[in-house]
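Dear colleague,

I am passing on a structure that I would like you to look through, and my notes on it follow below. Please keep the sequence and the 3D view open while you read.

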Amino acid sequence: MSSRKTLKLICAFATGSAAVALVAAADSRGYFGQNRSETAVRLSRLSVLEAAQPAWTAASITPVPTGHSWDTNWDKRDHSSLSNGKKKESTTEDPSSEQDNGKPKATRNILLIRHSQYNLSGSSDKERILTPLGREQAELTGHRLAALGLKYDVLVHSSMSRATETAHIISKHLPGILILCFSGVELLSCDLLREGAPIEPVPPVTHWKPDAVQYHEDGARIEAAFRRYIHRAEPKQKEDSYEIIVCHANVIRYFVCRALQFPPEGWLRMGLNNGSITWLTIRPSGRVALRTLGDAGFMPPDKLTRT
């Protein structure tokens, strides 16, 4: 067998120091014949490669869990904890049936939509309406939500002008929402979803520094919004639901951190495009999954903004 083939076989079945040792042993026994100069060059290359690789063991590369374990009762709606250990009197002949009826069975799908581009130069909320591009972005988001083919149950939006306008444009593309409107149920507006400073970000940024009072006031309000809208389904809900919430980047990013039980002060490490879709799924068990974060792939590149 040629020295080249022998060297290839060694490298194929061994790496690092093992390969170097095998090559040296083969060379000492004369397996490489007269081609010692070529072998020496290849051996030196293997030595260099070995030196470039950090030493490791299975234990050193195994990730170690950090932080707290998952809180199954994060939304205070865990069925097993609602009774507080007290055994209630059964009103049915089958206690197990009553217990089962009290457990959530449906999955909530919450689609968080960031408002479209708006007039940044407006001095008041009424003047901060959508730009022509912003209205086009809202149309694209509405088309995307309609194309998903989901049966939407409700559309809630922040009471700020840019979110309200975005929600009304989107609603035109969702027949189910329109039917509700025609039957007397309006799109739901909520002051809790207004933009604000949820919690002081870590690491801090230099270009945006709200004072402590704003964090104190906005943080409590946005946390209240989280508790109102982000939780597992009620036991009486029989089918999976798809709910749309049109609001703001800070609110959405804070919601995502809280729902996934990530440190909430990390909310500013994420960026969201205007009109993007963030999709949270909450199972009956309380488990939460993030299906999409700031999805704006349905928009042409020249329509993407982040203002």
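In helix 11, the buried residues are Ala249, Asn250, Val251, Ile252, Arg253, Tyr254, Phe255, Val256, Cys257 and Ala259, where buried means under 20% relative accessible area, exposed means over 50% and partly exposed lies in between, with a 1.4 Å probe and protein chains only. Please bear in mind that this is a predicted model, in which local features need pLDDT of at least 70 and side-chain atom pairs count only at pLDDT 80 or more, while totals for chains, interfaces and linings use all residues. Residues are numbered from 1 along each chain as its sequence is written, and side-chain values use heavy atoms, with hydrogens and water left out.

Helices (H or I, at least four residues) and strands (E, at least two) are DSSP runs, numbered from the N terminus. Because ten of the eleven residues of helix 11 are buried, this helix is largely enclosed by the rest of the structure. Its buried residues pack against strand 1, helix 10, strand 4 (241-247), strand 5 and strand 6 (288-295), with contact meaning heavy atoms within 4.5 Å. Just after helix 11, Gln261 takes a positive phi of about 60 degrees.

Arg114 lies in strand 1 (residues 108-114), and its contacts, not counting residues up to four places away in sequence, include Ala249 and Ile252. Arg114 is buried yet has no salt bridge, and the nearest side chain of opposite charge, Glu195, is 5.9 Å away. A salt bridge would need a side-chain nitrogen of Lys or Arg within 4 Å of a carboxyl oxygen of Asp or Glu; Lys and Arg count as positive and Asp and Glu as negative, while His and the chain ends are not counted.

**Aromatic rings**

The structure holds five aromatic pairs, for which rings of Phe, Tyr and Trp (its six-membered ring) must have centres within 6.5 Å, and planes under 30 degrees apart count as stacked, over 60 as edge-to-face and the rest as tilted. Trp208 and Trp267 form an edge-to-face pair, 5.7 Å centre to centre with 85 degrees between the planes. Trp208 lies in the loop between strand 3 (188-190) and helix 10 (212-229), and Trp267 in the loop between helix 11 (249-259) and strand 5 (277-282), so the pair ties together parts that are 59 residues apart in sequence. Trp208 is partly exposed, at 28% relative accessible area, whereas Trp267 is buried, at 0%. Trp74, Phe226 and Phe255 form one aromatic cluster.

With best wishes
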